[in-house]
Structure formats: structure tokens, C-alpha cells
Amino acid sequence: MEAHIAAGALRSAGIAAEVFDGNFGAMEAPVIEGLGGYRLMAPQEQVAEARETLKALRASPGLSTGEDEPPWGAPPSAAGDSVRRAGMRWIALLYLGAPLVIWLLVQVMRSRGD
């Protein structure tokens with residue numbers, strides 16, 4: 001949501017900004033978040049102006065999160081990360097292992113039939 005708000009602020013300032021992969025992220029938000037978030041893009045000749053505009057917006061009263069805090073809030077806890085990684089491993093095992101299990105079952109069924 002923050003990327004879309006920032007893109008709207010930049011467009012209001014006359015900068016042709018777009019949220020890259022915005023439509024894909026609407027369907028696959030965990031994938032986009034896992035890749036580091038959305039990319040806010042502007043034409044090369046407007047990048048410096050876009051950065052200054054966002055910096056000024058961030059410095060506005062009530063919007064600043066401080067220099068040492070990323071704009072998206074606190075990073076996830078290490079415990080949450082390990083649980084997420086374990087879950088992703090199980091999902092990968094399921095998707096990658098299922099064809100092997102099916103193939104093995106087919107081979108066993110064929111050997112019993114011979």
C-alpha cells in the first residue's frame with residue numbers, strides 16, 4: 001500500500017511514477033514481500049527529483065519514521081522468519097516430492113501387474 005501511496009504522491013508532483021509488479025503483487029503478495037517489496041519506478045531523468053520529493057514527504061510532520069527505522073516498520077522477528085522458512089520448505093517438499101511419490105506408486109503398480 002505504501003508503494004501505491006508514494007506513486008500517487010509522485011504523480012501529484014508531476015513525476016511519471018509507477019509501481020512495478022503492482023498487479024502481480026495484488027495476487028501474490030507473499031512472493032513480492034519475499035523478493036524485497038514493490039519497486040517504485042520513475043523515468044531516469046526524474047529519479048533525482050522523485051527521491052527528493054519522497055525524502056521531503058517522509059520528513060513531513062507525522063510521517064517520519066526516523067533515520068534508523070526502515071519505512072515499512074520493524075523487521076520481522078527471527079522466530080517468525082524461521083517458522084516462515086520451515087513452512088516454505090514443507091511446501092517445496094510437497095510440490096517437488098509429489099511427482100516422485102506418484103511416479104514410485106506407478107512403478108510399484110506396474111511391477112505387481114507383470
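Where is tyrosine 38 placed in the chain? I looked this up to get started, working with a predicted model. Tyrosine 38 sits in the loop between α3 (29-34) and β2.

**Entry 1: Tyrosine 38**

I checked its accessibility next. Tyrosine 38 counts as partly exposed, because its relative accessibility is 29% and the class lies between the 20% and 50% cut-offs. I then looked at its spacing from the start of the chain. The C-alpha atoms of tyrosine 38 and methionine 1 are 9.4 Å apart, with 37 residues separating the two along the chain.

**Entry 2: The overall layout**

I stepped back to the whole chain. I found five helices and two strands, and read their order from the N terminus as α-β-α-α-β-α-α. Of the 114 residues in the protein chain, 12% are buried. I also looked at contacts between residues at least 6 apart in sequence, and 42% of these join residues at least 24 apart.

**Entry 3: α1 against α4**

How do α1 and α4 lie relative to each other? I took the angle between helix α1 (residues 2-12) and helix α4 (residues 47-58), which is about 110°, and their axes are 10 Å apart. Angles of 65 to 115 degrees count as roughly perpendicular, so α1 and α4 are roughly perpendicular to each other. The crossing of α1 past α4 is right-handed.

I listed the residues that meet here. From α1 come Glu2, Ala6, Ala9 and Leu10, and from α4 come Ala50, Thr53, Leu54, Leu57 and Arg58. Sorted by class, this contact has six nonpolar residues, one polar and two charged.

**Entry 4: The core and leucine 10**

Which residues make up the largest nonpolar core? I noted seven: Ala3, Ala7, Leu10, Ile15, Ala17, Val19 and Ala50. The element giving the most to this core is α1, with three residues.

Setting aside neighbours within four places in sequence, I found leucine 10 in contact with Ile15, Ala17, Leu40, Ala50, Thr53 and Leu54.

**Entry 5: Glutamine 46**

Is glutamine 46 buried or exposed? I first placed glutamine 46 in the loop between β2 (39-41) and α4. Its relative accessible area is 18%, and buried means under 20%, so glutamine 46 is buried. Again leaving out neighbours within four places in sequence, I recorded its contacts as Gly14, Ile15 and Ala16.

Methods
Residues are numbered from 1 along each chain as its sequence is written. This is a predicted model: local features need pLDDT of at least 70, side-chain atom pairs count only at pLDDT 80 or more; totals for chains, interfaces and linings use all residues. Side-chain values use heavy atoms; hydrogens and water are left out. Axes are lines fitted to C-alpha atoms, for helices over the stretch in contact, and angles run from 0 to 180 degrees between N-to-C directions. Helices (H or I, at least four residues) and strands (E, at least two) are DSSP runs, numbered from the N terminus. Angles under 35 degrees count as roughly parallel, over 145 as roughly antiparallel, 65 to 115 as roughly perpendicular and the rest as oblique. A crossing is left-handed if the near helix is turned anticlockwise from the far one by less than a right angle, and right-handed if clockwise. Contact means heavy atoms within 4.5 Å. Ala, Val, Leu, Ile, Met, Phe, Trp, Tyr, Cys and Pro count as nonpolar, Asp, Glu, Lys and Arg as charged, and the others, Gly among them, as polar. A nonpolar core is a set of buried Ala, Val, Leu, Ile, Met, Phe, Trp, Tyr and Cys residues joined through side-chain atoms within 4.5 Å. Buried means under 20% relative accessible area, exposed over 50%, partly exposed in between (1.4 Å probe, protein chains only).
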